Amino acid sequence: MAVTKANKPKKPKADHKAPEPKTVADAKKRQKQPGYWQLTDDEVLLRSPEPEDEYQTSDSWRVLRITGEFIAGFDELATITQGVSIFGSARTHEQDEMYIAARETARLLAEADFEIITGGGPGIMEAANRGAFEAGKMSVGCNIELPFEQLPNRYLTKSLSFKYFYVRKTMFIKYSNAYIIFPGGFGTMDELFEALTLIQTRKIRNFPVVLFGSTYWRGLLAWLTSTMLHEKMIYDEDLALIHLTDSPRDAVDFIIRTSAVKAKKS
């Protein structure tokens, strides 16, 4: 049979791999290509390399970006010496009693010369930043870039944005003298147990950890006592790291009494 244009055998396409980036500019250009930048930076960094993964060579360049985030965070927050981080759900509405309590707690802390640090988003974070802002004091937001955009709230006097969760979590720990944990989801629980683990293992000094909202946290504390403590996975002194309250005034007084910094009594 005669070979025509219609039945001419097709040659397999050559497997063109992207060249290995030789400079930071090359790596950044690679990251903007279709099919790559839709992933979050954490997902790209933490995924396991696949066979013939053409992007695996860019991991070493990504270290420079991570280093840059640490440096920028340290520079921006270097003046924060009496920080208190407040965590809680981004889904809490303005009329919710927890929003109102977070706003009041942050206001009282700010009036006692504490600087308020949050994740910079809506809900409890907004409430806490709002309380500090309305008191005319420092209101810091450490935002995180997510696949769905989380916009910074409007009550920030200092706003930072991070691509990597663990860089952001380092900033919370480094510049906080206490944590207040309002009702929230997985992210809130992550921050709570990160702090408790670091204190328990003496990686950081024992600073105040306040759980706000006894009804919300009662089930967790009951399980920690009836199961984790009963099975000797933790000790009595580990549970003593947590202070439970429903009162903004009590939360603030506890932090003033037990934190390492000398705050003004309001």
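Which helix is Tyr-166 found in? I began with this residue, and I found Tyr-166 in helix 6, where helices (H or I, at least four residues) and strands (E, at least two) are DSSP runs numbered from the N terminus. The model I am reading is predicted, so local features need pLDDT of at least 70 and side-chain atom pairs count only at pLDDT 80 or more, while totals for chains, interfaces and linings use all residues. Residues are numbered from 1 along each chain as its sequence is written, and side-chain values use heavy atoms, with hydrogens and water left out.

**Entry on Tyr-166**

I looked up the accessibility of Tyr-166, and with a relative accessible area of 32% this residue is partly exposed; here buried means under 20% relative accessible area, exposed over 50%, and partly exposed in between (1.4 Å probe, protein chains only). I also noted that Tyr-166 and Ile-66 are 100 residues apart in sequence, and that their C-alpha atoms are 9.8 Å apart in space.

**Entry on the whole protein**

I counted ten helices and seven strands in the protein. Of its 266 residues, 45% are buried. The accessible surface comes to about 15,300 Å², and carbon and sulfur atoms hold 56% of that area, by the Shrake-Rupley method with a 1.4 Å probe, in which only the protein chains shown count as cover for residues. I then turned to contacts (heavy atoms within 4.5 Å): among those between residues at least 6 apart in sequence, 69% join residues at least 24 apart.

**Entry on strands 1 and 2**

I found strand 1 and strand 2 running parallel, joined by three bridges, and Gly-83 stands opposite Glu-115 in strand 2. Glu-115 and Ile-117 point one way from strand 2, Ile-116 and Thr-118 point the other way, and all of them are buried. In a regular strand the side chains alternate between the two faces of the sheet.

Is Ser-85 buried or exposed? Ser-85, which lies in strand 1, is buried because its relative accessible area is 0%. Leaving aside neighbours within four places in sequence, I listed the contacts of Ser-85, among them Ile-117, Phe-172 and Tyr-179. Ser-85 and Ala-106 are 21 residues apart in sequence and 9.6 Å apart in space, C-alpha to C-alpha.

**Entry on strands 5, 6 and 7**

I moved on to strand 5 (residues 179–181), which runs parallel to strand 6 and is joined to that strand by three bridges; Tyr-179 stands opposite Val-209 in strand 6. Strand 6 (residues 209–212) also pairs with strand 7 in the parallel sense, over four bridges, and His-243 in strand 7 is the bridge partner of Val-210. Both faces of strand 6 are covered, with Val-209 and Leu-211 buried on one side and Val-210 and Phe-212 buried on the other.

**Entry on two loop residues**

I checked two residues with positive phi that are not glycine. Arg-202 has a phi of about 60°, lies in the loop between helix 7 and strand 6, and counts as exposed at 75% relative accessibility. Lys-232 has a phi near 60°, is found in the loop between helix 8 (214–229) and helix 9 (236–239), and is exposed, with a relative accessible area of 67%.

**Entry on the largest pocket**

Which helix gives the largest share of the lining of the largest pocket? I found that this share, five residues, comes from helix 7. The lining has 22 residues, of which Ala-90, Gln-150, Phe-186, Gly-187 and Thr-188 lie nearest the centre of the pocket.

Technical notes: Pairing = 2+ DSSP bridges. 1 Å grid on protein atoms, 1.4 Å probe; cavity = no way out; pocket = protein on both sides within 12 Å on 5 of 7 lines; lining within 4 Å.
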